[in-house]
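Hi everyone, thanks for making time this morning. I'd like to walk you through one structure, so please have the picture open while I talk.

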Amino acid sequence: MDLGIAGRWAVVCAASKGLGKGCAMALAQEGVNLVINARSQDALEATAQELQTRNPDVDVKAVAGDIGNDSVQEAVLSACPRVDILINNNGGPPPGDFRDWGRDDWLSAVEANMITPIELIKATVDTMAANGFGRVINITSGAVKAPIDILGLSNGARSGLTGFIAGLARQPQLAGNNVTINNLLPGSFDTERLQNNLSLNAQTQNRPIDEIREQRTQSIPARRFGSAEEFGAFCAFLCSTQAAYMTGQNILLDGGSYPGTF
Ligand code: NAP
């Protein structure tokens, strides 16, 4: 299927590894020019090179820095000649017990996983609307739909973003001008972050990592973790011309883990 987005420009935040990189790869494959971001310059440059190899016909620009910083947001946006597609992504807040968190922990989580995407959306959607095309995808978490006890900061901050997006996506000046805004909710995807979590669990439980991994995959109806490639392919479809009638939705990609009917 031709997704109809070749020649468009996309900003993909937090894209040197994992899910963000999966999205950038899939968009490059479709002929979308890219501005990618992450904090570590070396990993980011390596990913830019991989993207360029994947599709030598697209332009790829890399802007290093913490996407939560205003100056980095400005640099990312100004590196992009025209933002047709915005993929909001960031590191997730740390796990823990809410009894141990203070005001600063909450402010950091809300800043990273709610305010940063909102600021980037604010800077781009009205121009998308004026151009008659725009796609915004926010990478959130399955924890928005089924909260995970130890991820209270993530449950809270991402739910704030979700509530805001539900209203914004339905503004006629956006939806009526072919600007769609949707959230992708990952379950368990085989990325560096997941690997680190498995290692930490293996250490704290003093068990082999393979055993922990097997136990986790057996708890998923699909009996496996998702891959960044399949996440990226889904994201690229949501950015397509064909996906124009879907907006304001929360789409769970979790191998069947969420147990509800809806
Ligand atoms: P990952 O494999 O650790 O990759 C994270 C990417 O984000 C890296 O490129 C990292 O590069 C970049 N990054 C992190 N903090 C950043 C910042 N402040 N500014 C700019 N770039 C930043 O993680 P992932 O598994 O792809 O997860 C991506 C998001 O999905 C996270 O918010 C995570 O909580 C959420 N999520 C993931 C899963 C899963 O199963 N993988 C499930 C639910 C939710 P640098 O470190 O160099 O900046």
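**Helix packing and the ligand site**

Let's begin with a pair of helices. Helix 1 and helix 9, which covers residues 228–238, pack with their axes 7 Å apart and at an angle of about 55°. That angle makes helix 1 oblique to helix 9. As for handedness, helix 1 passes helix 9 in a right-handed crossing. Before I go on, please keep in mind that this is a predicted model.

Stay with helix 1 for a moment, and look at its other partner here, helix 2, residues 41–54. The axes of helix 1 and helix 2 come within 9 Å and cross at roughly 25°. Angles under 35 degrees count as roughly parallel, so helix 1 is roughly parallel to helix 2. The crossing of helix 1 and helix 2 is right-handed.

Now please turn to helix 4, residues 103–131, and helix 5, residues 152–168. How far apart are the axes of helix 4 and helix 5? They are 8 Å apart, and the two helices pack at an angle of about 25°. That makes helix 4 roughly parallel to helix 5. Again the crossing is right-handed for helix 4 and helix 5.

F189 places a backbone N or O atom 2.7 Å from an oxygen atom of the ligand. D66 has a polar side-chain atom 2.9 Å from a nitrogen atom of the ligand. I67 has a polar backbone atom that lies 3.0 Å from a nitrogen atom of the ligand. And how much of the ligand does the protein bury? Taken alone, the ligand exposes 890 Å², and the protein buries 89% of that.

How values were computed. Residues numbered from 1 in each chain as written. Predicted model: local features only at pLDDT ≥ 70, side-chain atom pairs only at ≥ 80, totals over all residues. Heavy atoms only, no water. Polar contact = N/O pair within 3.5 Å; in protein donor to acceptor, adjacent residues only side chain to side chain. Areas by Shrake-Rupley, 256 points an atom, 1.4 Å probe, with all protein chains shown as cover. Axes fitted to C-alpha atoms, helices over the stretch in contact; angles between N-to-C directions. Helix = DSSP H or I, 4+ residues; strand = E, 2+ residues; numbered from the N terminus. Parallel < 35°, antiparallel > 145°, perpendicular 65-115°, else oblique. Left-handed = near helix turned anticlockwise from the far one by under 90°.
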